[in-house]
Amino acid sequence: MKTYDRLFIGGDWVVPAGTSRFDVINPTTEEVAGSVPEATEADIDRAVAAARQAFDEGPWPRMSPVERAAVISKVSQAIQADMQGIAELITSEMGSPVAWASLAQVFAPSMIFDYYAGLAADYPFDEIRPGLMGPVLVRNEPVGVVAAITPWNVPLFIAAAKLGPALVAGCTVVFKPAPETPLDACKLAELFEEAGLPKGVLNVVPAGREVGEYLVRHPGVDKVSFTGSTVAGRKIGAACGENLKRFSLELGGKSAAVLLDDVVLADALPMLLPNALMNNGEACIAQTRILAPRDRYQEVVDAIVEQVSAMKVGDPLDPTVEVGPLVAERQRERVESYIRIGQEEGAKIAVGGGRPAGIDKGWFVEPTVFVDVDNSMRIAQEEIFGPVLVVIPHDGDAEAIAIANDSAYGLCGSVYTADLDRGLKVAQGVRTGTFMLNSAIPIDFATPFGGFKDSGIGREFGREGLELFLEQKSITLPAGYTPPT
Ligand code: NAD
């Protein structure tokens with residue numbers, strides 16, 4: 001049981017302004033796993049003031065990118081030194097299977113921090129361009145005070161996707177984690193404190209939606225970096241637009257995995273299914289719509305059912321478990337309501353659909369596969385955010401692309417085929433921010449990731465992820481003058 005009584009603001013652990021707290025409920029045991037203070041508007045005021053002062057007067061934005069990177073590298077090393085401990089902490093917060101969590105929830109964030117620490121040395125923050133009328137110094141300056149708002153499903157990963165580039169850029173940050181997963185955020189604050197981050201550069205304020213909105217609208221915030229639902233993203237984008245704040249949004253998804261008629265299922269499904277059901281299905285990039293060639297539909301369904309039935313469901317701390325519980329009771333209700341909706345719409349359950357036998361605690365739902373699904377059904381259009389897959393027939397590459405694109409979302413997708421040129425055409429035809437061609441890797445941290453359409457605005461990762469936290473300034477120079485480096 002991990003308990004925090006203070007908030008990390010201005011480089012110190014300070015007494016919160018209010019008295020209310022968030023209890024973190026372990027979704028496997030339904031017992032309290034930890035507790036943190038709930039930040040109030042007064043705490044947000046203090047956190048923004050600390051970040052503002054650290055940005056306007058502190059050393060951080062004035063240090064070189066490489067000096068800043070050294071602090072970030074130390075945090076990465078500290079994360080790697082405690083992979084199992086941090087994975088177990090996150091598993092206790094939100095139920096991610098620990099074997100997957102240690103890679104995706106812990107090692108991946110350290111890779112992200114390392115990538116941005118490395119980019120600090122290579123990125124052209126200052127560049128002299130010849131210009132049309134004379135030399136111009138083009139500077140990439142930090143955008144200012146960043147509000148980083150994250151969801152609960154891959155909490156440390158998304159924190160790293162925001163803090164890595166924001167801090168390398170020279171920004172200061174007010175980080176609002178989701179109420180379900182504040183413990184790993186407080187742990188991250190401890191790691192940055194130990195790494196010697198100057199005071200006020202990072203402030204961590206666990207809070208709910210209303211206080212989150214207050215943070216978004218705060219006049220001391222220059223940029224909002226948000227990951228979460230499309231519903232919340234629309235509100236945040238609107239609020240930022242009113243105040244001309246910079247913003248970037250990483251939102252929901254309903255990604256399609258396209259199986260072409262020449263697919264070798266024995267090769268494709270071991271890549272596809274772990275992605276389709278990753279993190280108990282609570283993943284924005286989950287490949288939850290499987291598009292199968294009509295004349296091989298039954299063969300595809302049989303193979304999927306066989307593999308999904310064999311997946312081990314249970315205590316996510318067991319390293320052999322592949323599917324754990326959902327984050328909260330309300331999330332299980334949501335997923336179960338979609339299972340009912342699918343049946344009412346006329347789809348059939350090929351496997352799963354209930355709660356796993358023999359488990360009497362925890363918010364578990366069996367991995368579930370729907371067949372006889374039409375892409376217009378709600379279970380094919382709406383993000384369920386649980387271990388529920390739909391298998392939709394298609395009549396060839398063009399129709400598969402059309403079905404994949406018949407979605408409000410555009411985050412990720414995949415294609416599996418024996419003909420790579422044909423697969424590449426499908427990849428080029430689907431309007432999503434990332435796509436996998438015979439691959440199991442949905443995100444490469446050195447390249448941009450983000451959404452078309454309702455899946456978001458802006459790109460995290462790669463150089464583009466750093467540029468979200470930079471403002472360009474052009475200084476025209478007299479001919480012959482070379483500024484000191
Ligand atoms: P959510 O939108 O309910 O909450 C996300 C975060 O935003 C939380 O910290 C919440 O407290 C805060 N929040 C909610 N409304 C807000 C508002 N109006 N103003 C300020 N803050 C607000 O989402 P969730 O249920 O925590 O997460 C699941 C969603 O996140 C899914 O839709 C999933 O697809 C999406 N997601 C997207 C990505 C991506 O990279 N595109 C990654 C992970 C999760």
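How many nonpolar, polar and charged residues does the shell around the ligand have? Let's go through the close-ups. This is a predicted model, where local features need pLDDT of at least 70, side-chain atom pairs count only at pLDDT 80 or more, and totals for chains, interfaces and linings use all residues. Residues are numbered from 1 along each chain as its sequence is written, and side-chain values use heavy atoms, with hydrogens and water left out.

**View 1. The shell around the ligand, by class.** The shell has 17 nonpolar, eight polar and five charged residues. Here Ala, Val, Leu, Ile, Met, Phe, Trp, Tyr, Cys and Pro count as nonpolar, Asp, Glu, Lys and Arg as charged, and the others, Gly among them, as polar. Of these 30 residues, Thr150, Arg209, Ser229, Leu251 and Glu383 come nearest (near: a heavy atom within 4 Å).

View 2. Look for N or O pairs within 3.5 Å. At leucine 251, a polar backbone atom is 2.7 Å from a ligand nitrogen. Taken alone, the ligand exposes 850 Å², of which the protein buries 93% (Shrake-Rupley method, 1.4 Å probe).

View 3. Two or more shell residues come from each of α7 (209-217), β11 (223-227) and α8 (230-242) (DSSP runs: helices, H or I, of at least four residues; strands, E, of at least two). With four residues, α7 gives the largest share. Domain 1 (2-251 + 455-475) and domain 2 (256-437) each supply at least three shell residues, with bounds from an automatic or database domain assignment.

Notes: Polar contact = N/O pair within 3.5 Å; in protein donor to acceptor, adjacent residues only side chain to side chain.
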